[in-house]
Amino acid sequence: MKLKKLEVKTQAQLKKSFKKQLKFLNENFIILLENPYIVLKEAENLGKWLEVDTKIDIENFWQAMWIYEIVNIVLKNWKAQTDRGYTAMFKIFEKDLMALWVDFNLENKYAVDYFESLETLYLSDRKWSITATTKAWIISLLKTRIETQETPQEVSKKIQALDKNIFAPSRAELIATREIWKANEVGWNAVVQQLRDKWAKVEKKWLTVNDDRVEPSHTQNQDDWWIDLNARFSWTGDLIAPANNNPRCRCTVTYNIL
Ligand SMILES: [Zn+2]
């Protein structure tokens, strides 16, 4: 299955990137710790936690850590899967689309809009986003260093140990699986949105995999049965699957034209 292949490819690329970033973090952390002008601030906002009068620009430090590589890997593969999802769903509704004179258009605005919002998601401080978790770890290590006067080398060893929490293969898998799956769903949704634009009445239905690991709220979404295309599923508030309240969600949404 092409979807699975792209997931595996994305996982491999992310794992490689995590390794590189761990190395980068380790090297730069020592420089950061050896600088006597670092002052920690207790602000809630992660972006303002550190006030640094140093040769290292902390914003560039975060950016080098994340933005260019991981986000680009995900966005690139995500775009590929949206197009595939779109093509697959287009075939299913081809007759309806032709009857309504809908153009076959990969650069559809729904997918593009979502694609742009994905970048925001990755750079945000959401609970399970990469940046928030990593920043919190780095900040806590910096604080420990200030309190305990550990040497940069000692702290550096702790960074290596972070591997299990931040740069782990399981994390790469989680990100790859979810984002590629979601891209597929966005591609599907874009096709029926185009039908709706031509006044077709489209319904959707939430589908879980129906095993005992499914979140109760996702089963409740399923119990909504058929709802209008642009209505939110009542229990999670999502417009499409996978659900936002669980990064491991493998639910899907199916469509029907009336
Ligand atoms: Zn689910």
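Predicted model: local features only at pLDDT ≥ 70, side-chain atom pairs only at ≥ 80, totals over all residues.

Student: OK. How many helices and strands are in the protein?

Tutor: The count is nine helices and five strands. Going along the sequence, you read α-β-β-α-α-α-α-α-α-α-β-α-β-β.

Student: And what share of the residues is buried?

Tutor: Of its 258 residues, 28% count as buried. As for the contacts with a separation of 6 or more, 72% come from residues 24 or more positions apart.

Student: Let's talk about H1. How many residues does it have, and what span does it reach?

Tutor: H1 covers residues 2-34, so to speak the opening stretch, with 33 residues. From first C-alpha to last, H1 reaches 48 Å, close to the 48 Å expected at 1.5 Å a residue.

Student: Which residues of H1 are buried?

Tutor: Leu 6, Glu 7, Thr 10, Gln 11, Leu 14, Phe 18, Leu 25, Phe 29, Leu 32 and Leu 33.

Student: How do H1 and H8 cross?

Tutor: Their axes come within 8 Å, at roughly 140 degrees. That angle makes H1 oblique to H8, and the crossing is right-handed.

Student: Which residues make that contact?

Tutor: On H1 you have Leu 3, Leu 6, Glu 7, Thr 10, Gln 11, Leu 14, Lys 15 and Phe 18. H8 brings Pro 169, Ala 172, Glu 173, Ile 175, Ala 176, Thr 177, Ile 180 and Asn 184. Sorted by class, the H1 and H8 contact has nine nonpolar, four polar and three charged residues.

Student: Now H7. At what angle do H1 and H7 pack?

Tutor: About 150 degrees, with the axes of H1 and H7 9 Å apart. H7 is residues 152-162, by the way.

Student: Parallel or antiparallel, then?

Tutor: Roughly antiparallel, because angles over 145 degrees are counted that way. H1 passes H7 in a right-handed crossing.

Student: Which residues are involved there?

Tutor: H1 uses Leu 25, Asn 26, Phe 29, Ile 30, Leu 33 and Glu 34, and H7 uses Pro 152, Val 155, Ser 156, Ile 159 and Gln 160. In the contact of H1 with H7, seven residues are nonpolar, three polar and one charged.

Student: Switching topic: where is Gln 193?

Tutor: Gln 193 sits in H8, which is residues 169-197. Gln 193 is partly exposed, with 17 other C-beta atoms within 10 Å. Its C-alpha is 7.9 Å from that of Leu 229, 36 residues apart along the chain.

Student: What about phi of Asn 210?

Tutor: Asn 210 has a positive phi of about 60 degrees although it is not a glycine. Asn 210 lies in the loop between E3 (202-207) and H9 (216-223).

Student: Is Asn 210 buried or exposed?

Tutor: Exposed, because Asn 210 has 9 other C-beta atoms within 10 Å, and 12 or fewer counts as exposed.

Student: And Trp 225, what's its phi near?

Tutor: Phi of Trp 225 is near 65 degrees, again positive in a residue other than glycine. Trp 225 is in the loop between H9 and E4, and Trp 225 is exposed, with 8 other C-beta atoms within 10 Å.

Conventions. Residues numbered from 1 in each chain as written. Helix = DSSP H or I, 4+ residues; strand = E, 2+ residues; numbered from the N terminus. Expected span 1.5 Å × (residues − 1). Buried ≥ 20, exposed ≤ 12 C-beta atoms within 10 Å, placed from the backbone. Contact = placed C-beta atoms within 7 Å. Axes fitted to C-alpha atoms, helices over the stretch in contact; angles between N-to-C directions. Parallel < 35°, antiparallel > 145°, perpendicular 65-115°, else oblique. Left-handed = near helix turned anticlockwise from the far one by under 90°. Nonpolar A, V, L, I, M, F, W, Y, C, P; charged D, E, K, R; others polar.
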